[in-house]
Amino acid sequence: LIIYPNGKFEIQFQSLEKIPKKGLVKFSEFKIKSYDFLIKFKTGKRAVYEKEFIKAKHSGYTDFLFENENGEITEGTYTNVFVKIGNHYYT
């Protein structure tokens, strides 16, 4: 869903390839900037994510994970990271 400043919107979709349930992941060398305003939102600005996803696949990994400049895990190229502590999940 793309929402424009004038209030109009556009719906786009595409088929996802079959996502493996198991695989190897590795940390990307690219660091996410925690102070980037857009990091708090889902945006269409995905060039880095797409580039790193292709690099991961060509390197034999299912996904690359990102860290920010503080060493905090943020997300994957197309995945979210969940941690289970006790009976609760956190992302």
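Exposed here means a relative accessible area over 50%, and buried means under 20%. Keep both cut-offs in mind on this tour of a predicted model.

**Stop 1: helix H1**

Select residues 47-58, which make up helix H1. Start with Ala47, Lys51 and His58: these residues are exposed. Now turn to the other side of H1. Which residues of H1 are buried? They are Tyr49, Glu52 and Ala56. Look down the axis of H1: the buried residues fall within an arc of 70°, so they line one face of the helix.

Next, show what covers that face. The cover of the buried residues of H1 includes S3, S4 and strand S5 (73-76).

With 12 residues at 1.5 Å a residue, H1 should span 16 Å. The C-alpha atoms at its ends are 17 Å apart, which agrees.

Then step past the end of the helix to Gly60. This residue follows H1 and has a positive phi, near 90°.

**Stop 2**

Side chains of opposite charge can pair when their charged atoms come close. How many salt bridges does a search of the whole structure find? It finds two.

Select Lys55 and Glu52 to see one of them. Their closest N and O atoms are 3.0 Å apart. Both residues lie in H1, three residues apart, about one turn of the helix. Is Glu52 buried or exposed? Glu52 counts as buried, at 5% relative accessibility. Lys55 is partly exposed, with a relative accessible area of 37%.

**Stop 3**

Move to Lys31 and Glu67. Their side chains meet in a salt bridge, 3.0 Å from N to O. Lys31 belongs to strand S3 (residues 25-32) and Glu67 to strand S4 (residues 63-68), so this pair ties together parts that are 36 residues apart in sequence.

Colour the two residues by accessibility. Lys31 is partly exposed, at 39% relative accessible area. Glu67 has a relative accessible area of 19% and is buried, because the cut-off for buried is under 20%.

**Stop 4: a nonpolar patch**

Finish on the surface. Select Leu1, Ile3, Phe9 and Ile11. These residues form a nonpolar patch, with about 520 Å² of accessible area together. Zoom in on Ile3, which lies in strand S1 (residues 2-3). Its relative accessible area is 61%, so Ile3 is exposed.

Note on methods
Residues are numbered from 1 along each chain as its sequence is written. This is a predicted model: local features need pLDDT of at least 70, side-chain atom pairs count only at pLDDT 80 or more; totals for chains, interfaces and linings use all residues. Side-chain values use heavy atoms; hydrogens and water are left out. A salt bridge is a side-chain nitrogen of Lys or Arg within 4 Å of a carboxyl oxygen of Asp or Glu. Helices (H or I, at least four residues) and strands (E, at least two) are DSSP runs, numbered from the N terminus. Buried means under 20% relative accessible area, exposed over 50%, partly exposed in between (1.4 Å probe, protein chains only). Patches are made of residues with over 30% relative accessible area and no salt bridge: like charges are joined within 9 Å, nonpolar side chains (Val, Leu, Ile, Met, Phe, Trp, Tyr) within 5 Å. Accessible areas come from the Shrake-Rupley method with a 1.4 Å probe; for residues, only the protein chains shown count as cover. The expected span of a helix is 1.5 Å times one less than its number of residues. The arc is that of the directions from the helix axis to the C-beta atoms. Contact means heavy atoms within 4.5 Å.
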